[in-house]
Amino acid sequence: MAKHWCLLVEDSPTMRQLIIFALKRIPGLEIVEASDGVDALKKLPGQKFDIMLTDINMPVMDGLKLISLMKNNPNYKDIPVVVITTEGGKEDRERGMALGAKSYITKPVQTTNLLKVVKEIVPGL
Amino acid sequence: MAGKKEKSAYAEFVIEAEELLESMGDRLTALEKDAEEGNVDPGMVNDFFRSMHTLKGLSGMLGLKNVSDLSHGLENLMDMLRMGKIDFRHGAMDALFSGVEILSRLVARVGAAGSEEGIDISAELRRIRQAMEEKAEGDRDVTLENVGLDQRILETLTEYEEHRLLDNLRRNNSLYRVEAHFPFASFDRELHEISEKLRSQGEIISTLPSSDESSPETISFDLVVGSAKTRKQIARSLGKRKGVTLHAVECGGTPPPAAAPASREPPERAAAEAGYESMTLKSLSQTVRVDIRKLDNLMNIVGELVINRTSISQISQELLVLRGFTGLAVDLSKGARNLERNLRQLQQAVIGSRMVPIGQVFSRLNRVVRKLSQDFGKKVELTVHGEETELDKLMVEDLADPLLHLVRNSFDHGLEAPAERKKLGKPEVGSIELRAEQRGNHIIIEIEDDGRGIDVEKIRKIAVDKGLLEEGHSADEQSVLNFLFLPAFSTKEKASQMSGRGVGLDVVKTNVARLGGMIDVETELGVGTRLTITLPITLAIIQALLVEVGDEHFAIPLNSILESNRIYKGQIKTVEKREVIHLRDRTLPLLRLADIFRIGGSRAANSDKLYVVVVGLAEKRLGLVVDSLQGQQEVVIKSLGEVFEGVTGVAGATELGDKKAILVLDVGALIEEATHGS
């Protein structure tokens with residue numbers, strides 16, 4: 001089975017673990033972790049990603065800047081982006097969608113919802 | 001439904017939550033100081049907000065309702081603060097301080113009991129709601145309409161960044177845009193460098209990356225900076241850098257002077273291309289979290305190696321004796337020495353990985369003192385020195401409570417009320433100093449206050465009243481002060497008020513003794529009190545002194561040994577049927593190991609000269625009489641198991657190189673035996 005790659009950008013290690021634990025239920029999905037926007041920039045060229053899940057509020061570089069770079073770079077502009085925000089982060093979530101994010105998930109992340117969104121976006125999973 | 005996965009998620013949560021709360025607590029103290037000076041660092045406020053945000057997200061996912069509700073409330077409060085909707089006033093600061101405190105307790109409870117029940121947060125939530133009603137004073141209205149920034153930059157601003165941009169305009173700060181082109185291989189480092197430089201000059205409002213398909217080896221950034229400084233000052237601070245250009249941004253008011261490049265050269269092509277090869281999926285982070293139990297295991301393995309090394313050294317010694325200094329024997333001896341050196345390095349590295357700075361505890365104390373000062377209206381300044389001093393992680397945790405106790409004692413009983421201090425001609429603000437430093441294999445922690453000191457004569461009187469001391473007994477000051485550490489002394493309300501000390505000092509002593517530490521008290525009436533705690537750096541592998549009694553050998557932990565002396569039989573006196581000697585200005589009780597362990601054939605029994613090893617634990621001292629000293633050695637303490645449970649005076653056993661097991665003495669128990677036993 002062909003592998004699919006997911007870049008998960010989130011600054012809280014525990015939150016990353018919880019999301020990865022949920023994503024592990026999808027066979028064939030490989031996950032690369034990044035701890036903030038700059039870390040994600042380092043990792044983007046290293047793999048052809050099929051989806052990126054990103055938090056918005058992060059130190060060093062936030063999710064909006066990361067999405068903006070991706071949408072302006074032909075190499076990355078087709079990677080579908082899913083924004084992870086809290087319910088309260090409506091404003092930032094809308095800004096993310098305006099920049100070209102494909103979908104969003106709210107924290108606390110519901111496993112079924114997460115899996116549904118990821119499967120909808122990545123064909124072949 | 002606490003399955004295995006959930007339990008481990010709880011453990012992860014507790015680790016991260018503790019780290020977050022710790023760093024928030026640190027920031028709060030600084031934040032309060034800055035707020036008083038009207039000079040709050042927005043970056044710090046935003047970090048605080050983000051930490052709270054993370055905590056809320058995590059606890060929500062684990063269904064920890066109280067943590068989640070409280071952190072949500074505090075997140076909202078922080079959000080209003082960072083957005084300038086309310087000011088840093090007392091209400092907000094108090095809500096933050098006590099909120100963080102309660103959160104820490106909740107998290108500790110989750111860690112210990114797996115549940116957060118039993119801690120009420122409704123008062124906190126009310127406090128937060130009230131603080132959120134303290135609206136900020138109205139600000140002059142500004143808009144982003146005439147700001148000369150590219151649409152691409154403006155549309156990626158978060159709500160918070162937008163607010164910061166407007167706030168900078170309100171303060172009539174200038175805006176700058178720094179355009180930077182970095183080679184891919186090194187952009188993270190270079191970005192970090194110029195960010196640090198810019199932060200020293202003002203506030204970085206936004207960092208927007210861009211990359212171009214035609215040159216994938218380069219990555220570009222636009223940094224928007226708000227600053228009160230001139231373009232020239234900022235350019236000077238940036239220095240000459242390849243690929244970095246500084247632009248002034250029009251703010252809608254008077255046009256700023258035209259941009260002049262700090263440097264306009266493109267990034268070096270060759271270097272950039274070389275860097276492209278080194279693209280990586282590796283993490284940027286340089287730290288790894290490790291369960292302390294894994295480190296314990298590593299420590300045990302190193303311990304076993306230490307034992308094996310000793311046995312190889314002994315074989316090598318014997319071979320040298322048998323064969324003389326010839327080929328194989330010399331080679332083995334060299335090899336053994338190298339092994340010994342490497343092993344020591346390994347051991348130090350493993351111990352080093354368990355070390356954390358004691359500042360973690362100090363900053364908690366800082367918060368406690370602040371709260372006490374507020375609640376009781378006593379002004380006090382807590383100064384700390386040596387917070388970077390490192391100690392075994394487990395020990396740092398076990399130290400937190402004893403130190404808290406001692407600081408509370410200084411505050412409650414040591415420091416006088418402001419009015420009384422004034423009358424005495426002391427500065428109104430009392431002082432408590434915390435100091436930590438490493439001396440050899442020990443850590444020394446001192447807690448010193450400039451309060452009323454301890455009245456030694458009063459304690460002497462109470463001791464006599466209680467029958468602990470004979471009337472007219474000439475016990476020295478140190479011995480008298482040691483009564484403070486007796487449980488009987490601590491619990492009496494009256495005693496504690498009269499002596500000005502003594503609340504729960506017995507508990508402190510027990511805790512410190514469990515860590516193999518000692519406590520000393522120095523005091524001067526009317527001037528202040530200093531408590532000194534001496535601790536070993538780590539507990540698992542220890543340096544020990546090997547001694548001989550009859551045909552038996554014992555190991556005495558070096559960290560509880562103060563000195564060893566050779567004395568004459570004639571120096572021994574008998575007081576209350578016990579042997580003592582006078583060593584300098586102290587009366588030192590003696591204990592003959594041969595008697596305790598019923599060993600026959602001890603030479604010390606009849607000899608004119610004998611060896612005394614002076615040991616100490618917490619505030620007590622004892623002289624152990626032995627036949628001879630056999631030298632110093634590293635030993636690994638092993639538990640003796642159930643068979644030896646209940647045998648007094650033995651902490652465990654250790655193997656020497658020759659695979660012979662010897663007993664390691666439990667100094668604390670021996671002291672207890674000598675001072676209380678019949």
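Buried here means under 20% relative accessible area. Keep that cut-off in mind for the close-ups below, which come from a predicted model.

View 1. Thr310(B) sits in helix H11 of chain B. Is Thr310(B) buried or exposed? Its relative accessible area is 9%, so Thr310(B) counts as buried. Now look for Glu634(B): 324 residues separate Thr310(B) and Glu634(B) in sequence, yet their C-alpha atoms are 9.1 Å apart in space.

**View 2. A nonpolar patch on the surface of chain B.** Stay with chain B and pick out Leu298(B), Ile301(B), Leu305(B) and Leu346(B), which form a nonpolar surface patch. Which helix gives the patch its largest share? That's helix H11 of chain B (residues 292-323), with three residues. Leu305(B) is found in H11(B), and with a relative accessible area of 35% Leu305(B) is partly exposed.

**View 3. How H11(B) packs against H12(B).** The neighbour to find here is helix H12 of chain B, residues 327-353. The axes of H11(B) and H12(B) come within 9 Å and cross at roughly 160 degrees. Angles over 145 degrees count as roughly antiparallel, and H11(B) and H12(B) are therefore roughly antiparallel to each other. As for handedness, H11(B) passes H12(B) in a left-handed crossing.

**View 4. H4(B) crossing H13(B).** This one shows helix H4 (residues 90-113) and helix H13 (residues 359-376), both of chain B. Their axes come within 12 Å, with a crossing angle of roughly 130 degrees. That makes H4(B) oblique to H13(B). The crossing of H4(B) past H13(B) is left-handed.

**View 5. A salt bridge between the chains.** Side chains of opposite charge can pair when their charged atoms come close. Over all chains, the count comes to 49 salt bridges. One of them pairs Asp188(B) with Lys42(A), and the closest N and O atoms are 3.4 Å apart. This pair crosses between chains: Asp188(B) belongs to helix H8 of chain B (residues 187-199), and Lys42(A) to helix H2 of chain A (residues 37-43). Buried or exposed, for Asp188(B) and Lys42(A)? Both are buried.

**View 6. A buried pair within chain B.** Here the side chains of Lys56(B) and Glu75(B) meet in a salt bridge, at 2.9 Å from N to O. Lys56(B) is in helix H2 of chain B (residues 42-61) and Glu75(B) in helix H3 of chain B (residues 65-82), so the pair ties together parts 19 residues apart in sequence. Lys56(B) is buried, at a relative accessible area of 11%. Glu75(B) is buried too, at 5%.

View 7. Arg530(B) and Glu448(B) meet through their side chains in a salt bridge, 3.4 Å from N to O. The two come from distant parts of the chain, 82 residues apart: Arg530(B) from strand E11 of chain B (residues 528-536) and Glu448(B) from strand E9 of chain B (residues 442-449). Arg530(B) is partly exposed, with a relative accessible area of 24%, and Glu448(B) is partly exposed at 25%. Which residues join them through shared partners? Salt bridges link Glu433(B), Arg435(B), Glu446(B), Glu448(B), Glu522(B) and Arg530(B) into one network.

View 8. Chain A has five helices and five strands. Follow the sequence and the pattern reads β-α-β-α-β-α-β-α-β-α. Of the 125 residues in chain A, 62% are buried. Zoom in on helix H1 of chain A (residues 13-23): eight of its 11 residues are buried, so H1(A) is largely enclosed by the rest of the structure. Among the buried residues of H1(A) are Leu18(A), Ile19(A), Ile20(A) and Ala22(A).

View 9. Thr112(A) has its place in helix H5 of chain A (residues 111-121). With a relative accessible area of 65%, Thr112(A) is exposed, whereas Ala22(A) in H1(A) is buried. Thr112(A) and Ala22(A) are 90 residues apart along the chain, and 8.6 Å separates their C-alpha atoms.

Definitions and conventions: Residues are numbered from 1 along each chain as its sequence is written. Chains are lettered from A and ligands numbered from 1 in the order in which they are written. This is a predicted model: local features need pLDDT of at least 70, side-chain atom pairs count only at pLDDT 80 or more; totals for chains, interfaces and linings use all residues. Side-chain values use heavy atoms; hydrogens and water are left out. Patches are made of residues with over 30% relative accessible area and no salt bridge: like charges are joined within 9 Å, nonpolar side chains (Val, Leu, Ile, Met, Phe, Trp, Tyr) within 5 Å. Accessible areas come from the Shrake-Rupley method with a 1.4 Å probe; for residues, only the protein chains shown count as cover. A salt bridge is a side-chain nitrogen of Lys or Arg within 4 Å of a carboxyl oxygen of Asp or Glu. Helices (H or I, at least four residues) and strands (E, at least two) are DSSP runs, numbered from the N terminus. Buried means under 20% relative accessible area, exposed over 50%, partly exposed in between (1.4 Å probe, protein chains only). Axes are lines fitted to C-alpha atoms, for helices over the stretch in contact, and angles run from 0 to 180 degrees between N-to-C directions. Angles under 35 degrees count as roughly parallel, over 145 as roughly antiparallel, 65 to 115 as roughly perpendicular and the rest as oblique. A crossing is left-handed if the near helix is turned anticlockwise from the far one by less than a right angle, and right-handed if clockwise.
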